[in-house]
Amino acid sequence: LAKIPVEDIEQKALDSPGDLAPRDAIARHLLGWFKGYFAWVNNAPCEHCGSAKTSGAGGDKPNAIEKGFGAGAVELYTCADCAKTTRFPRYNHPGKLMETRKGRCGEWANAFTLCCIAMGFEARHTVDWTDHVWTEVYSDDQQRWIHCDACENSWDAPLLYSEGWGKKLTYVVAFSKEEVVDVTCRYTRQWDQCVARRDKCPELWLAEFVASLRMSKLASLPPAR
């Protein structure tokens, strides 16, 4: 919470709630704040001279410190101005990402999901198998999960990908400490076409496997949950 301007976000939610309930308005303004807090990275800028004129130079294995923050890969970039090499670890640890404040959709979703949880929301990490990641936040007022894409500052627009971007979705799965849920149907209005593309495994097997994962997670929770 130390990195989140909680009072400012709460005041903005009071001043400009739109048509949202108070807690939903806070989540919406948190999303807007995060868009300005985090930075998108295509080519990492030079860590030596600060130049943006860098080009990809392959990859490397993460060192011990980078592994400690969940980096599974490291991208290398060469600077056109100073000729030095910059390492860009693809961190997965959300706390570390709140320090680095940069990345692509995976980093954005990891860090924003952490912010939501820190602010007292139920939130889950949502993975699109056609290469995107975002967050879902639970609305107590609406009694449903709300789509939140931090990269796009997009609130409750689940058809953004299939209709706005023209993506041919296959599998969209939401993960939290409590559950694993196949939420694909929420993100398309062309379910028949989507199902035809879902060829990684039989649908019944997938439904049973996801249900088993969910039950396993629920079994590990305290009885009060």
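Three strands build an open sheet in the order S2-S3-S4, and their pairing is antiparallel. Strand S2 (54-60) and strand S4 (85-89) stand at the edges with a single partner strand each, so one side of each is left without a neighbour in the sheet. From one strand to the next, the twist averages 30 degrees. The model described here is a predicted one. Within this sheet, S2 pairs with strand S3 (residues 74-79) in the antiparallel sense over 5 bridges, and the bridge partner of Asp-60 in S3 is Val-74.

The overall setting of this sheet is as follows. The secondary structure of the protein comes to 7 helices and 11 strands, and the C-alpha atoms fill a box of roughly 55 × 50 × 40 Å when taken along the principal axes. Of the 225 residues in the protein, buried residues make up 43%. Among contacts between residues at least 6 apart in sequence, 53% join residues at least 24 apart.

A further open sheet holds 6 strands in the order S9-S8-S7-S6-S10-S11, again described by antiparallel pairing. Its edges are formed by strand S9 (154-155) and S11, each of which has a single partner strand, so one side of each is left without a neighbour in the sheet. Strands of a sheet pair through backbone hydrogen bonds, in either a parallel or an antiparallel sense. The table sets out strand pairs of the two sheets, with the bridges that join them.

| Strand pair | Sense | Bridges |
|---|---|---|
| S2 and S3 | antiparallel | 5 bridges |
| S6 and S7 | antiparallel | 6 bridges |
| S6 and S10 | antiparallel | 4 bridges |
| S10 and S11 | antiparallel | 3 bridges |

Strand S6 covers residues 123-128 and strand S10 residues 172-175; in S10, Val-172 is the bridge partner of Asp-128. Strand S11 comprises residues 180-182, and Val-180 in S11 stands opposite Phe-175. S10 and S11 together form a hairpin, with 4 residues between them.

Turning to the helices, two packed helices are described by the angle between their axes and by the distance between the axes. For helix H2 (residues 22-37) and helix H5 (residues 105-118), the axes come within 11 Å and cross at roughly 140 degrees. This crossing angle makes H2 oblique to H5, and the crossing of the two helices is right-handed. On the H2 side, the residues that meet H5 are Leu-30, Leu-31, Trp-33, Phe-34 and Lys-35, while Trp-108, Ala-111, Phe-112, Cys-115 and Cys-116 are their counterparts in H5. By class, the contact of H2 with H5 has 9 nonpolar, no polar and 1 charged residues.

The start of the chain can also be placed. Leu-1 lies in the segment before helix H1 (6-15), and its relative accessible area is 58%, above the cut-off of 50%, so Leu-1 counts as exposed. Leaving aside its neighbours within four places in sequence, Leu-1 is in contact with Val-6, Ala-118 and Met-119. The C-alpha atoms of Leu-1 and Lys-168, which are 167 residues apart along the chain, are separated by 37 Å.

Notes:
Residues are numbered from 1 along each chain as its sequence is written. This is a predicted model: local features need pLDDT of at least 70, side-chain atom pairs count only at pLDDT 80 or more; totals for chains, interfaces and linings use all residues. Side-chain values use heavy atoms; hydrogens and water are left out. Two strands pair if DSSP finds at least two bridges between them. Axes are lines fitted to C-alpha atoms, for helices over the stretch in contact, and angles run from 0 to 180 degrees between N-to-C directions. Angles under 35 degrees count as roughly parallel, over 145 as roughly antiparallel, 65 to 115 as roughly perpendicular and the rest as oblique. A crossing is left-handed if the near helix is turned anticlockwise from the far one by less than a right angle, and right-handed if clockwise. Contact means heavy atoms within 4.5 Å. Ala, Val, Leu, Ile, Met, Phe, Trp, Tyr, Cys and Pro count as nonpolar, Asp, Glu, Lys and Arg as charged, and the others, Gly among them, as polar. Buried means under 20% relative accessible area, exposed over 50%, partly exposed in between (1.4 Å probe, protein chains only).
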